[in-house]
Amino acid sequence: MIRERLIELVLFLAALVSVFTTVGIVYILVRESVLFFEHVPITKFLTDTQWTPLFDDAHFGIMVLLSGTLTSSAVALAIAIPLGTIIAIYLSEFAPFRLREIAKPFLELLGGVPTIVYGYFALLFVTPLLQKIYPDLPGFNLLSAGIVMGIMIIPYVSSISEDAMRAVPMSLREGSYAMGATRFQTAVKVVVPAAFSGIASAYILGISRAVGETMILAVAAGMQPNLTFNPLEPAATITAYIVQVALGDLPHGSVGYQTIFAAGLTLMVFTLLCNIAGHVLRKTFREAY
Amino acid sequence: MLALMIGVLTFVALFVDMAMDGVGRLSWDFFTSFPSRRPGQAGILSAWVGSTLVMLTTAFFAVPLGVAAGVYLEEYAPKNWVTDLIEINITNLAGVPSIVYGLLALGLFVYQFGLGQSILSAGLTLALLILPVVIVATREAIRSIPQVIREGSYALGATQWQTVRYHILPYSSAGILTGIIIGMARAIGETAPIITIGALTFIAFLPPAPVQAEPPFISFEWLMSPFSVMPIQMFNWTSRPEAAFHANAAAAGFVLVLMTLAMNGLAIWLRYRLRRNIKW
C-alpha cells in the first residue's frame, strides 16, 4: 500500500515538472528584466526609436525590434492564412478520400523540417529569386524571410483548420445541399462559418509561430536593428537579436546580457496576449450543435 | 487543389535545389572530418557526434518524465484545481517560442546550476522543450485503451500500479513511441535554444569517450563537454559569405532533413500500422 502511494507521488512529481518549467521561465525572465529596468526606465524601453544596446551611446527602444518582428510576421501570415485555409477547405470538403490520406501525413512531414533548413532556403534560394524581379532588393530582407516563414506555417494552419471543418456535422452540409446550394457555396457559407472558432485558433497558432520564429530571420533578415515597416529592407527581430547576442561573448551580468531577457519577456508577453486573444475568440464564436 | 499543389511544389523545388547544391559535398570524408577554414576539407564529425550525445541526454530525461506525467494525468489524477493547473500549463508550454526555453536554460542551467555550456545543459533544455509532445502522445495512447481492460485487471486483484505496469504501459507503448520519435525529430532540428545557451559554432575536437580502457570503464565527462550540433553547424556555414561554404551548408541540411523526415515518416507509419492492427 505504501509502495502504491509512493509510486503515485513520483508520477505526480513528474507531472509537476511542467509547472516548474513555467515558473522557471517567468522567474528567470522577470529577474533579469528587473535588473535591466533598473538601468533603463521602462518608458524609454517602450518609446525610444533606437536600439543600440552595445554602443557607448546606448539606446534601448524595443519598438525597433518589434517592428521587424511585426513586419516579417505580417508577410508570413499574408501567405500562410489564405493558402492554409484554401488547402484546408479543399482537403476537408472536396478532396477524394485517398488524396487526403496521402496529403495529411505529407503536410505533417513539412511541419517537421528544421527551421534552420528553411532559413537556408530563404537566404540562398528565395532572395536571389526575388532579386531577379526587384534588382534593388538587399541580400538580407524581411520579405524573403517572411515568405519562407509563411510556407513553414502553412501545415500548422491547414491541419488545425481541416480538423475543425471535419468536425462540422454532416447534417449542416446536407441541409445546405437541400436548399439548392452548390458544393462551393456550402463550403464557404456554411462549413467555414460553423468551424470559425477552430479556424481562428489555427490562425492564432500561426501568429505565435511567426512571432517566435528565430532561425529563418536570423539567417535571412539580417541582424541590423532598423525601425521600418517596409518588408524590402533588412531588419533585426526580437528573436534574431537574442541569437546575435548569444553568438557573441557578453559577460554574464552586464546590461547587454540582461537585454536579451527583457527582449525575451517582451516576446513572451506578446505570445501570451495572442493566446488570450485566441481563447476569447474561441469562446465568442463557439457554435454548439 | 491548386493551393495544395503550390505548397507541395514549392517544397519539392526548395528541397531539390538544396539536394543539388549539397550532394556534391556528400562523401565519407564529410562525415569524418572536423569543420575547417577551408570549405573543401570541412566536415560534420563534431556536429553529428554532438547531436547524437545531446539526443541521448534529451531522451534520458524527457522519456521517463513525459511518460510518468502522462500516466499520472490519465490514470491517477483526481479532478481538482491542481490537475487543471497542470493541464493548462502543458497546453501553454507547447505554445512558448523555443528561444524562450533557451533563455530559461541560459539563466537557470548555465549560470544558476553552474552546468556551463555543456551537453548536459543542452540535453536538459531540449528535454523540457519536447516534454509537452511526449506527455500529450502518452495521454492519447492511454486514453484509447478501453476501460474493460482496467476493470479486468482489478477484478483479478491487481493494484493500480500493477495494472499500469502490466497492462496500460505495454498496450500504449507503440503510441508513446510515436510521440517520442516526433519529439526527438523536433529536438534534433532545434537551433535557437542551443545557440542561446552558447554552443560553439566551430569545434575541432570530440567530447571525451563514454567508454574507457581503464576502470571504472564508463565516464560521464562528456556530459560537461562543450559541443556543437548539426543545425548550428549548418547555421554557421549558411551565414558565411563564401559560396563554397554554402555547399557545405546544403549538404549538412540535406543530411538533417533526411534524418528528420525519416524519423517523422517512421512515426507516421507506426501510427498507421497501429490504427489498423488494434481491435479491442
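Which domains does the domain assignment of chain A give? In this predicted model, the assignment gives domain 1, covering 2-39, and domain 2, covering 47-285.

**View 1. The two domains of chain A and where they touch.** The C-alpha centres of domain 1 and domain 2 of chain A are 29 Å apart. Contact between them involves seven residues of domain 1 of chain A and eight residues of domain 2 of chain A. On the side of domain 1 of chain A that touches domain 2 of chain A, four residues are nonpolar, two are polar and one is charged.

**View 2. Helix H9 of chain A.** This helix runs through residues 196-212, and its 17 residues reach 24 Å from the first C-alpha to the last, which is close to the 24 Å expected at 1.5 Å a residue. H9(A) is mostly covered, with 14 of its 17 residues buried.

**View 3. The secondary structure of chain B.** Chain B has 11 helices and zero strands, and its pattern along the sequence reads α-α-α-α-α-α-α-α-α-α-α. Of the 280 residues in chain B, 47% are buried. When contacts in chain B between residues at least 6 apart in sequence are considered, 77% join residues at least 24 apart.

**View 4. The side of chain B that touches chain A.** Here 61 residues of chain B are in contact with 60 residues of chain A. Helix H11 of chain B, residues 243-277, gives the most to this side of chain B, with 10 residues. The residues on the side of chain B that touches chain A comprise 40 nonpolar, 19 polar and two charged.

Conventions. Residues numbered from 1 in each chain as written. Chains lettered and ligands numbered in written order. Predicted model: local features only at pLDDT ≥ 70, side-chain atom pairs only at ≥ 80, totals over all residues. Helix = DSSP H or I, 4+ residues; strand = E, 2+ residues; numbered from the N terminus. Expected span 1.5 Å × (residues − 1). Buried ≥ 20, exposed ≤ 12 C-beta atoms within 10 Å, placed from the backbone. Nonpolar A, V, L, I, M, F, W, Y, C, P; charged D, E, K, R; others polar. Domains from an automatic or database assignment.
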